[in-house]
Amino acid sequence: MKKQGFTLIELMVVIVIMGILAAVAVPKLFGMIAKSKASEVPTAAGTYVNLQDAYVVEANALGTWSKVGYTGAGNSSAKGSATGVFYYFEGADGKCQWQAQALQKLNDCAKGDKWGIMVDISGSEADGQSNAVYNTGASNSKCVELTPSFSKLASGRETSKAVAF
């Protein structure tokens, strides 16, 4: 008589192999999910930088979000973005700035950690040669590692330095 099927040992080996694969794959999966959610930061910040540059060239002054035509994915009263991950706002102290805040833990970037851009102006209105100066930074170096292109937003511009947020 011919028996068909798997032995208990064969089934146990398959379960052990699946467990090992799951132990390796699940952390990688969550890392990729966090990276994809954080990829929104440089894109949204780059849009703000480009709009601010255009406004400075045209008006020889820094503009507020409404003047430059930027709409963030949220404001101080309505947290959240399309993905529910980031929250953008303009500084209340009158300085032009852009910030994103993690609304959930993203790998080593904790909930509440921030990315930000401070904008100043160089030159004078009299000579008509004003330039926007951008300083990028994050509240946690792990957030910078998660979004490497964010710190490059000010590259090629007049100056860039790290700012603590």
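Visitor: What helices and strands does the chain have, and in which pattern do they follow along the sequence?

Guide: In this predicted model, the chain has four helices and four strands. Read along the sequence, the pattern is α-α-α-β-β-β-β-α.

Visitor: How many residues of the chain count as buried?

Guide: Of its 165 residues, 36% count as buried. The chain exposes about 10,000 Å², and 59% of that is supplied by carbon and sulfur atoms.

Visitor: How do you know that the span of helix α1 agrees with its number of residues?

Guide: Helix α1 covers residues 8-38, which is 31 residues. The expected span is 1.5 Å times one less than the number of residues, and for α1 that comes to 45 Å. The end C-alpha atoms of α1 are 45 Å apart, so the two values agree.

Visitor: Which residues of α1 are buried, and what do they pack against?

Guide: The buried residues of α1 are Gly 31, Ala 34 and Ala 38. Their packing partners are α2 (40-59) and α4.

Visitor: Why is the pair of Tyr 48 and Trp 65 called tilted?

Guide: A search of the whole structure finds four aromatic pairs. In the one formed by Tyr 48 and Trp 65, the rings are 6.3 Å apart centre to centre, with 50 degrees between the planes. Tyr 48 lies in helix α2 and Trp 65 in helix α3 (residues 65-68), so the pair ties together parts that are 17 residues apart in sequence.

Visitor: What makes the pair of Trp 65 and Tyr 70 edge-to-face?

Guide: The ring centres of Trp 65 and Tyr 70 are 4.9 Å apart and the planes stand at 80 degrees. Over 60 degrees counts as edge-to-face, so that is the name for this pair. Through ring pairs, Tyr 48, Trp 65 and Tyr 70 are linked into a cluster.

Visitor: Why are Tyr 48, Trp 65 and Tyr 70 called buried?

Guide: Buried means under 20% relative accessible area. Tyr 48 has 0%, so it is buried. Trp 65 is buried at 9%, and Tyr 70 is buried at 7%.

Visitor: Why does Asn 140 count as buried?

Guide: Its relative accessibility is 19%. The cut-off is under 20%, so Asn 140 counts as buried.

Visitor: Where is Asn 140, and which residues is it in contact with?

Guide: Asn 140 is in the loop between β4 (131-138) and α4 (141-146). Leaving aside neighbours within four places in sequence, Asn 140 is in contact with Asp 108, Cys 109, Ala 110 and Asp 113.

Visitor: What makes the link between Asn 140 and Asp 113 a polar contact?

Guide: The side chains of Asn 140 and Asp 113 are joined at 2.9 Å. A polar contact needs N or O atoms within 3.5 Å, and this pair is one.

Visitor: Which residues touch the most other members of the largest nonpolar core?

Guide: That core has 26 residues, and Tyr 70, Trp 98, Leu 106, Trp 115, Ile 117 and Phe 150 touch the most other members. Elements giving two or more residues to this core include α1, α2, β2 (96-101) and β3 (114-122). The largest share, six residues, comes from α2.

Notes
Residues numbered from 1 in each chain as written. Predicted model: local features only at pLDDT ≥ 70, side-chain atom pairs only at ≥ 80, totals over all residues. Heavy atoms only, no water. Buried < 20%, exposed > 50% of the residue type's maximum accessible area, 1.4 Å probe, protein only. Areas by Shrake-Rupley, 256 points an atom, 1.4 Å probe, with all protein chains shown as cover. Polar contact = N/O pair within 3.5 Å; in protein donor to acceptor, adjacent residues only side chain to side chain. Contact = heavy atoms within 4.5 Å. Phe/Tyr/Trp six-rings, centres within 6.5 Å; stacked < 30°, edge-to-face > 60°. Core = buried A, V, L, I, M, F, W, Y, C linked by side-chain atoms within 4.5 Å.
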